Amino acid sequence: MPRFLFFLMGAVLALNNGQGLTPAMGFSTWNHFYCNISEDVIKASADQLIKLGLRDAGYVYMNIDDCWMEYKRNDKGELTPNPRRFPNGIAALADYCHARGLKLGLYSSGGYRTCEGL
């Protein structure tokens, strides 16, 4: 490896403010459930993160990927939750996760369709 590359590697600076000590860690529904998600699945997954001790190890993100939303956007052009899969809405689910020390992430798309075509 050229010497200048070693020099550049030594020049990396970081703030010593306690932020970013680990990568953002959590669970993404897509990796296991694909589109087979619901409010109950998310709650059970959040509870498992805690039961397995993963939350305490830094895995605090519960990320809901594609397929949580209705096929069509509302009149304002906003994505809305599928009422059959999420009967209490996303806000109630976020409250459930937050009460357990988790953060809720939500996939969206700025285009006309999501990657799954919704």
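Is Cys-97 buried or exposed?

1. Cys-97 is buried, since its relative accessible area is 0%. Here "buried" stands for under 20% relative accessible area, "exposed" for over 50% and "partly exposed" for values in between, with a 1.4 Å probe and protein chains only. Cys-115, by contrast, is exposed, at a relative accessible area of 76%.

2. The model under review is predicted, so local features need pLDDT of at least 70 and side-chain atom pairs count only at pLDDT 80 or more, while totals for chains, interfaces and linings use all residues. Residues are numbered from 1 along each chain as its sequence is written, and side-chain values use heavy atoms, without hydrogens and water.

3. One disulfide is present in the structure; the term denotes a pair of cysteine sulfur atoms within 2.5 Å. Its sulfur atoms belong to Cys-35 and Cys-67, with an S to S distance of 1.7 Å. Cys-35 lies in the loop between helix H2 (30–33) and helix H3 (39–51), and Cys-67 in the loop between strand E2 (59–64) and helix H4 (89–99), so the bond ties together parts that are 32 residues apart in sequence. Helices (H or I, at least four residues) and strands (E, at least two) are DSSP runs, numbered from the N terminus. Cys-35 and Cys-67 are both buried.

4. Three strands form an open sheet in the order E1-E2-E3, with parallel pairing; two strands pair if DSSP finds at least two bridges between them. Strand E1 (25–28) and strand E3 (103–106) stand at the edges with a single partner strand each, so one side of each has no neighbour in the sheet. From one strand to the next, the twist averages 30°. E2 and E3 are joined in the parallel sense by four bridges, and Asn-63 has Gly-105 in E3 as its bridge partner.

5. Helix H3 lies across E1 and E2 and runs at about 165° to E2. Helix H4 packs on the sheet, where it touches E2 and E3, and its direction makes about 145° with that of E3. Axes are lines fitted to C-alpha atoms, for helices over the stretch in contact, and angles run from 0 to 180 degrees between N-to-C directions.

6. Beyond its neighbours within four places in sequence, Met-62 is in contact (heavy atoms within 4.5 Å) with residues including Phe-27, Ile-42, Cys-97 and Gly-105.
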